2 protein chains.
Amino acid sequence: MAVKGAKSSISQRRVLDAAARIFRDSGYAGTTMRAVADEAGLQAGSLYYHYKGKDELISAVLDSGVSQVATLVKDALAALPATATGRQRIETAIEAHIAAIIAVGDYTLATRRVFGQVPQAIRTRHMRLRDAYGAFWDQLFEDVRAAGEMRPDADLKLCRLFVLGALNWTAEWYKPGAASIHDIAGTFGTLVLDGLLQPAPQPASRGRARAPRGSDHALLSTAAR
Amino acid sequence: MAVKGAKSSISQRRVLDAAARIFRDSGYAGTTMRAVADEAGLQAGSLYYHYKGKDELISAVLDSGVSQVATLVKDALAALPATATGRQRIETAIEAHIAAIIAVGDYTLATRRVFGQVPQAIRTRHMRLRDAYGAFWDQLFEDVRAAGEMRPDADLKLCRLFVLGALNWTAEWYKPGAASIHDIAGTFGTLVLDGLLQPAPQPASRGRARAPRGSDHALLSTAAR
DNA sequence: GTGCTATTCTAACACACGTTAGCTAATGGC
DNA sequence: GCCATTAGCTAACGTGTGTTAGAATAGCAC
């Protein structure tokens with residue numbers, strides 16, 4: 001079995017980046033191998049030297065995207081001091097996630113837009129990576145709760161779905177030059193951690209307890225899945 | 001100019017619903033007129049009696065989806081009493097939005113997955129409807145703030161993007177039989193309004209003010225767009 | 001039942017796509 | 001420089017797609 005040369009990995013990377021861009025804009029079926037090849041500076045037949053076919057190509061785009069994001073977020077959290085508070089950890093994760101999905105924007109957008117169209121087997125395989133990353137966030141939330149910093153009544157699986165859904169949507173609307181990633185992350189961090197509403201006034205007669213509300217009851221529900 | 005009969009609107013609706021389902025799963029380019037026709041119980045050539053072409057069909061799916069959602073949410077809010085608090089209004093909007101995107105789930109999912117692939121002119125046209133709906137939410141938030149119920153430092157445009165991004169993501173993962181829409185909406189409402197963290201203890205020496213934090217600074221940033 | 005219009009079917013057109021096998025060009029080790 | 005291997009090109013194959021024009025069928029009013 002011959003060893004592929006350095007040029008091969010350079011071209012392969014070029015093809016993969018080109019594929020991410022074309023898949024991002026054209027979707028799965030709308031992405032032609034000729035367009036990817038053209039974007040990469042090759043002819044369509046040449047792609048088959050690097051990837052067995054279109055499905056292997058999209059699979060590589062999907063997996064590369066989520067892997068890169070997961071690595072960047074995990075690295076950011078690992079760089080925190082051991083004394084970091086739950087607030088700091090969640091804020092860091094939020095900012096790192098936003099920065100990551102924007103840094104690998106073509107991959108992120110390709111994934112979001114194409115995922116539902118790829119053959120089932122590819123989707124199933126890719127789901128493992130996504131679920132692993134989601135579990136990382138679940139664990140982050142659980143750790144913050146175990147440290148007593150989180151309201152005890154939140155359904156963490158639902159909250160994680162909400163937060164990641166929102167963060168991932170950032171990739172669709174973010175434009176360099178408007179709000180910075182840091183500012184966006186700050187806004188979102190505060191929203192997630194402290195909410196939108198003005199803390200309610202604390203009448204002395206009622207102590208620190210808030211009046212029960214219907215929405216509080218919902219927080220006792222079971223996990224979504 | 002002949003008047004189309006009742007059968008035409010029945011068939012047209014059938015075609016539109018079928019198209020939403022196929023676009024949802026196959027994306028823009030992957031959706032063939034033959035597949036849509038088959039799903040609708042017609043032959044592909046017949047679709048051109050009802051819609052001038054594929055682009056008009058996808059355009060109708062996109063517009064129908066967001067219109068239905070907007071109507072359902074606006075109706076839910078309009079049904080609230082004039083004395084409803086900001087909390088109640090936001091909670092209602094969240095629940096109505098989730099219920100709506102799930103009720104027209106094929107359209108919602110088709111839109112999310114296909115939007116980035118359609119010809120630019122269609123995207124531009126459709127953006128008007130989406131922006132109008134987003135503006136409705138902006139106004140909701142502004143009203144709550146004007147009533148003094150919202151923290152004054154939140155960037156409302158960013159927060160709206162966050163919230164709608166998260167809510168729309170619900171359409172992708174929601175499964176009937178797990179958490180109910182009401183429970184999900186409750187969890188998300190509390191998260192959005194009150195945040196995830198345990199309210200910080202109130203040391204008597206510090207009164208009610210919280211210590212300044214980096215994330216609070218971010219809330220003073222300008223609008224994303 | 002008849003006649004007109006609405007609605008659908010059908011076959012075909014012009015074009016496009018993923019992939020393959022064989023050829024060609026480039027690269028690197030000796 | 002030579003040779004073997006790597007990397008890319010090319011033409012073609014088998015199949016598929018949006019659309020159209022005209023034929024056929026269905027629906028409806030009288």
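Biologist: If buried means under 20% relative accessible area, is B:Arg160 buried or exposed?

Modeller: In this predicted model, the cut-off for buried is under 20% relative accessible area. B:Arg160 has a relative accessible area of 12%, so B:Arg160 is buried.

Biologist: Which residue does B:Arg160 meet in a salt bridge?

Modeller: The two side chains come to 2.9 Å, N to O, and the partner is B:Asp138. B:Arg160 is in helix 8 of chain B and the partner in helix 7 of chain B, so the pair ties together parts 22 residues apart in sequence. With 9% relative accessibility, the partner also counts as buried; the residue asked for is B:Asp138.

Biologist: What is the area buried between chain B and chain A?

Modeller: The contact takes 59 residues from chain B and 57 residues from chain A. Carbon and sulfur atoms give 64% of the buried area, which is about 5700 Å².

Biologist: Which helix of chain B gives the most to the side that touches chain A?

Modeller: Several elements give two or more residues to that side, among them helix 1, helix 5 and helix 9 of chain B. The one that gives the most supplies eleven residues: helix 9 of chain B.

Terms used. Residues numbered from 1 in each chain as written. Chains lettered and ligands numbered in written order. Predicted model: local features only at pLDDT ≥ 70, side-chain atom pairs only at ≥ 80, totals over all residues. Heavy atoms only, no water. Contact = heavy atoms within 4.5 Å. Buried area = accessible area lost by both parts, 1.4 Å probe. Helix = DSSP H or I, 4+ residues; strand = E, 2+ residues; numbered from the N terminus. Salt bridge = Lys/Arg side-chain N within 4 Å of Asp/Glu carboxyl O. Buried < 20%, exposed > 50% of the residue type's maximum accessible area, 1.4 Å probe, protein only.
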